[in-house]
Amino acid sequence: MQTHNLGYPRIGSRRELKKASEQYWAGKLPVQQLLQTGKAIRLQNWQLQKNAGIDLIPCNDFSFYDQVLDTSLMVGAIPERYHTLMEEKQLPDIDLLFAMARGYQRDGFDITAMEMTKWFDTNYHYIVPEFTANQQFSQYCNKTLSEFREAKQAGFNAKPVLLGPVSYLLLGKEKEEGFHRLELIGRLLPVYIAVLKQLDEGNAYYVQLDEPCLSLDLSGKEREVFIQTYNEIKRRLPNLHIILASYFDCYGQNLQTALNLPVQTIHLDLVRCPLQLDDILATDFVKTKTRLSLGVVDGRNVWKNNFQQSLALIHKAVEKIGPERIWIAPSCSLLHSPCDLDMETDEQVLTPQIKQWLAFAKQKTQEVVTLKQLANGEDTADAEIKLQENISAGISRSTSSLIHNPEVKHRVAGIGAKDDRRKNIFAVRKMKQQHVLQLPMFPTTTIGSFPQTAGVRSWRAGLKNGALTQEQYNKLIAQETTDAIRWQEEAGIDVLVHGEFERNDMVEYFGEQLDGFVFTKNGWVQSYGSRCVKPPVIYGDVSRPAPMTLKWTAYAQSLTGRWVKGMLTGPVTILQWSFVRNDQPRSETCTQIALAIRDEVTDLEKAGIKIIQIDEPAIREGLPLRKESWQQYLQWAVRAFRIAAGGVKDETQIHTHMCYSEFNDIIQNIAEMDADVITIECSRSQMELLHAFSDYKYPNDIGPGVYDIHSPRVPSKEEMIALVEKAMAVIPAQQLWVNPDCGLKTRHWEETKKALQAMVEAAATLRLSVRESVL
């Protein structure tokens with residue numbers, strides 16, 4: 001029996017990679033120091049896993065930005081618009097990587113970034129590969145081999161990890177019509193085989209190929225491509241031990257395909273789908289020599305493993321096929337887990353009672369090793385002590401009075417049929433809202449947050465460490481809010497926001513004020529690039545003891561005669577972007593959060609806030625991977641939003657925001673949310689996402705983003721006008737708003753002001769153009 005890990009967090013336990021990357025982008029850190037930071041993190045990660053007792057340690061799971069983007073660079077799938085950077089500027093690989101991810105606007109170049117979207121149903125974002133019909137592939141860099149050699153030279157039993165070739169193609173996007181990206185497998189596969197051959201010749205006996213698309217609904221043709229691809233890999237590289245890793249769901253209808261692939265080890269996510277172990281053990285698989293990797297430790301949540309449940313699964317497999325064919329692992333890469341629970345030393349932030357129920361990446365590697373020891377019957381006192389501690393922690397959690405609130409449960413049970421809908425249909429509401437709001441055509445707004453400068457962040461830190469009093473802090477936030485309102489007025493933005501300077505994160509801020517949530521000081525996980533988030537932990541029933549946003553929203557509205565939006569995070573997004581309790585259905589927890597947000601919406605309306613935005617960027621992300629489970633999820637997710645928004649008058653305009661999502665398959669459900677205005681990310685996709693709304697004849701108002709806030713480049717007025725004109729080709733002008741893709745928290749003021757001024761000018765030009773066309 002062996003242990004292995006599928007991947008480890010790459011940000012560093014103190015977010016060293018984030019800090020170094022951002023300093024490098026700002027021109028304050030030499031490239032050698034950035035590369036050295038990456039190497040130091042890799043070595044630290046490998047050593048930590050070796051110390052825990054992991055037998056096979058992953059390498060090439062590290063990335064300076066994203067593993068899918070790394071793969072695009074590896075196979076030379078570099079979009080044509082970057083070729084001038086390579087040829088004329090001879091941009092180094094690291095800078096080319098960042099240009100593809102973030103865009104490039106300097107030295108006379110103005111090149112847009114590649115599209116970004118969610119990695120399956122997680123809050124991690126990947127850079128979407130771009131393919132053309134005549135796409136050519138060739139090995140561009142040897143990162144996989146170099147990091148394997150680095151690990152071996154440092155004395156680690158390393159296992160290279162690559163995104164598999166079929167999933168790589170499936171996760172990409174065709175940039176022209178007339179072909180399917182899987183048709184490119186014949187050109188792509190030789191590059192993969194060349195990389196694998198280099199690893200084989202470099203004595204890499206084990207190689208992990210991640211094929212998470214085997215957890216999706218695949219067609220017969222797609223399954224056939226998997227079989228052909230892996231047969232060719234086996235034919236060309238017969239001595240490599242291929243570990244096939246899929247996760248986040250069952251193999252389902254793809255199970256027989258996976259079993260037919262000529263690989264030596266198949267990984268199962270037994271956290272998301274424990275029943276698939278029975279399915280496999282009931283097949284002819286037991287007669288083969290293929291090994292099973294049992295993903296029994298949850299790689300995506302923070303709760304301590306239930307050793308007794310995991311051991312039952314391990315023993316079942318051992319009984320059937322023997323211990324020598326069993327590997328123990330986390331369910332997926334630990335990329336989605338915080339780094340180290342041992343760093344949570346502040347008992348006022350994370351109490352010992354709750355801390356004993358948790359495990360982060362470092363602790364999860366230790367759990368994997370302990371499970372191996374217990375399953376093997378190794379007579380170690382340490383393993384037995386850990387088993388008893390594990391059992392005690394589970395009992396403590398299940399019986400704790402912290403978890404259950406009868407009043408919350410009673411309120412959820414009492415939700416009536418009228419509580420999840422507005423009084424009148426949108427057409428009636430729109431007339432009433434226009435009478436009250438008096439907004440122009442193509443109204444301009446932003447998504448909510450404004451840049452959080454180093455000064456703003458230092459004030460929050462000063463409040464926490466006692467360097468600032470609450471009164472001093474409030475005075476500073478009030479002045480920053482005032483400045484933001486005044487600037488928006490001067491810029492001519494129609495619907496203002498207060499800027500959210502008092503907020504640390506769009507989920508964390510709310511969780512800090514809701515009962516049933518607890519927080520960490522260092523529980524960071526990567527969202528995209530250098531963007532890290534610190535998800536709350538939902539440990540118990542959720543309720544709102546007091547207003548959360550009323551003070552600063554009302555203050556901002558008091559400063560201006562223009563409308564200021566109330567800004568809230570929706571129940572599904574709070575759920576999805578938290579570490580959620582696993583002792584009750586997620587739908588139950590989501591409904592509890594919805595009632596808390598409903599209370600906040602009602603308070604804002606009573607205070608005279610006429611426009612309230614309830615952000616739900618995670619609605620699409622939360623979809624189960626298999627369509628057969630979609631409707632059950634969408635039913636409770638949409639209902640939760642409607643509960644949150646359903647308590648207001650017709651005259652109050654409800655907005656929602658979604659970003660980096662594909663809407664085609666769920667557009668009807670989006671419409672059922674019945675928000676008066678939906679703002680969506682559209683600039684990177686050049687308005688492609690709007691076709692779903694057009695085909696459906698979406699009845700409510702839409703704000704397609706015209707400014708990509710995930711890139712430092714500043715779009716011109718003409719570029720924004722062109723995007724809105726593309727939108728007008730599929731959506732009536734009367735339904736359109738003009739806004740950025742997302743919040744502006746991570747941007748700098750200089751670029752933000754330039755972009756928003758161009759946005760306002762674009763809207764003014766469009767209004768004039770429409771008026772002239774009517775005349």
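This is a predicted model: local features need pLDDT of at least 70, side-chain atom pairs count only at pLDDT 80 or more; totals for chains, interfaces and linings use all residues.
**Entry 1: a salt bridge to begin with**

I started at Asp-583 and Arg-581, whose side chains meet in a salt bridge at 2.7 Å, N to O. I use the term for a side-chain nitrogen of Lys or Arg within 4 Å of a carboxyl oxygen of Asp or Glu. Arg-581 is buried at 2% relative accessibility, while Asp-583 is partly exposed at 38%. My cut-offs: buried is under 20% relative accessible area, exposed is over 50%, and partly exposed lies in between, with a 1.4 Å probe and protein chains only.

Residues are numbered from 1 along each chain as its sequence is written, and side-chain values use heavy atoms, with hydrogens and water left out.

**Entry 2: the network**

I looked up the total next, and the structure holds 47 salt bridges. One of them pairs Lys-143 with Asp-70, with 3.7 Å between the closest N and O atoms. This pair links distant parts of the chain, 73 residues apart: Lys-143 sits in helix α6 (residues 143-153) and Asp-70 in helix α3 (residues 67-74). Helices (H or I, at least four residues) and strands (E, at least two) are DSSP runs, numbered from the N terminus.

Are the two partners buried or exposed? Lys-143 is buried at 19%, and Asp-70 is buried too, at 12%. I also found that salt bridges with shared partners join Arg-42, Asp-70, Lys-143, Glu-147 and Glu-150 into one network.

**Entry 3: around β16**

Arg-531 forms a salt bridge with Asp-505, the closest N and O atoms being 3.4 Å apart. Arg-531 belongs to strand β16 (residues 531-533) and Asp-505 to the loop between β13 (495-496) and α20 (508-511), so the pair ties together parts 26 residues apart in sequence. Asp-505 is buried, at 10%.

Then I checked Gly-529, in the loop between β15 (525-528) and β16. Gly-529 is buried at 9%.

**Entry 4: helix α14**

Just after α14, Gly-377 takes a positive phi of about 70 degrees.
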